[in-house]
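Hi,

Here is the structure I promised to pass on to you. Have a look at it first, and then read my notes below.

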Amino acid sequence: MKINEAEQAIKAILPEKRFRHSVGVSETAGRLAEMYGANKEKAELAGMLHDIVKYFSDDELKTIILRKPGTWSDSLDYSDKLWHAPAGAIYIEETYGIKDPEILNAVIYHTTGRKQMTLLEKIVFLADYIEPGRDFPGVDEVREAAERDLNLAVFLELQKTIIYLLSKSQSVYPKTFEAYNDLVQQQKNK
Ligand code: DGI
Ligand code: FE
Ligand code: FE
């Protein structure tokens with residue numbers, strides 16, 4: 001699937017604001033890919049499609065996830081906000097025939113992260129957080145880190161997300177903790 005086709009597809013599916021967010025993630029992911037030596041086309045495509053099923057109902061998302069069991073299936077035991085990520089990957093594979101595991105994994109883990117994230121996974125995870133349309137406390141610190149140290153930026157994003165979830169008394173998906181612990185280790189080894 002070409003990037004313009006992906007853009008047209010999400011334009012037809014997503015509300016205007018989420019469409020603009022997705023274009024922002026795609027452009028940011030492309031720029032990060034150039035900076036950090038990842039495949040730009042894959043970063044842009046994963047970024048464009050990452051939230052494609054964001055507005056499907058919880059029942060639809062659950063059905064999609066149950067259709068293709070995998071490491072993501074345990075997300076059904078946690079927040080429903082996690083479900084659009086693995087369901088999105090299953091959806092783009094089924095609907096557009098996208099089979100590239102790098103792209104699919106970048107979509108699957110764009111919300112939670114996981115341990116030993118690939119370069120492309122980190123880029124899409126980070127682009128989702130820092131694209132120009134985002135505005136929440138602490139985002140500029142992560143934006144600045146993203147310009148010089150990808151792992152530091154992903155670490156800060158995970159740290160802020162976990163602190164936010166705890167402050168709202170929400171559950172934290174274990175893979176998010178695993179991603180955080182992994183990055184703590186990498187920060188120490190620098
Ligand atoms: O889909 P977006 O809004 O662009 O962003 P996203 O896919 O990162 O979803 C973020 C939401 O997921 C945010 O409201 C926090 C929520 N969330 C709930 N539980 C967890 C979680 N995020 C992570 N990383 N880990 C969780 O356990
Ligand atoms: Fe998302
Ligand atoms: Fe997003």
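**The metal site**

Along the chain, the donors of the iron ion (ligand 2) follow the spacing D-x32-H-x25-H. Please keep in mind that this is a predicted model. The protein donors behind that pattern are D51 (OD), H84 (NE2) and H110 (NE2), and they lie 2.1 to 2.2 Å from the iron ion (ligand 2). H84 belongs to helix α5 (residues 84-96), while H110 sits in the loop between α6 (101-108) and α7 (119-130), so this pair ties together parts that are 26 residues apart in sequence. H84 and H110 are both buried.

What coordinates the iron ion (ligand 3)? Its donors are H21 (NE2), H50 (NE2), D51 (OD) and D128 (OD), at 2.2 Å. Written along the sequence, the spacing of these donor residues is H-x28-H-D-x76-D.

You will have spotted D51 in both sets: this residue bridges the iron ion (ligand 2) and the iron ion (ligand 3), which are 3.5 Å apart. As for burial, H50 is buried, and so is D51.

**Helices α7 and α9**

The other thing I looked at is a helix pair. α7 and helix α9 (residues 150-167) pack with their axes 10 Å apart, at an angle of about 55°. That makes α7 oblique to α9, and the crossing of the two is left-handed.

Which residues meet there? From α7 come L119, K122, I123, F125, L126 and Y129. On the α9 side they meet L150, N151, A153, V154, E157, L158, K160 and T161. By type, the residues of this contact divide into nine nonpolar, two polar and three charged.

**A glutamate in α7**

One more residue of helix α7 may interest you, namely E121. Is E121 buried or exposed? Its relative accessibility is 1%, so E121 counts as buried. Leaving aside residues up to four places away in sequence, E121 touches N105, A106, Y109 and R114. For one of these, N105, the C-alpha atom is separated from that of E121 by 6.8 Å, with the two residues 16 apart along the chain.

That is what I have for now. Enjoy looking through it!

Best wishes

Key:
Residues numbered from 1 in each chain as written. Chains lettered and ligands numbered in written order. Predicted model: local features only at pLDDT ≥ 70, side-chain atom pairs only at ≥ 80, totals over all residues. Heavy atoms only, no water. Donors = N, O, S within 2.8 Å, 3.2 Å for Na, K, Ca; no water. Helix = DSSP H or I, 4+ residues; strand = E, 2+ residues; numbered from the N terminus. Buried < 20%, exposed > 50% of the residue type's maximum accessible area, 1.4 Å probe, protein only. Axes fitted to C-alpha atoms, helices over the stretch in contact; angles between N-to-C directions. Parallel < 35°, antiparallel > 145°, perpendicular 65-115°, else oblique. Left-handed = near helix turned anticlockwise from the far one by under 90°. Contact = heavy atoms within 4.5 Å. Nonpolar A, V, L, I, M, F, W, Y, C, P; charged D, E, K, R; others polar.
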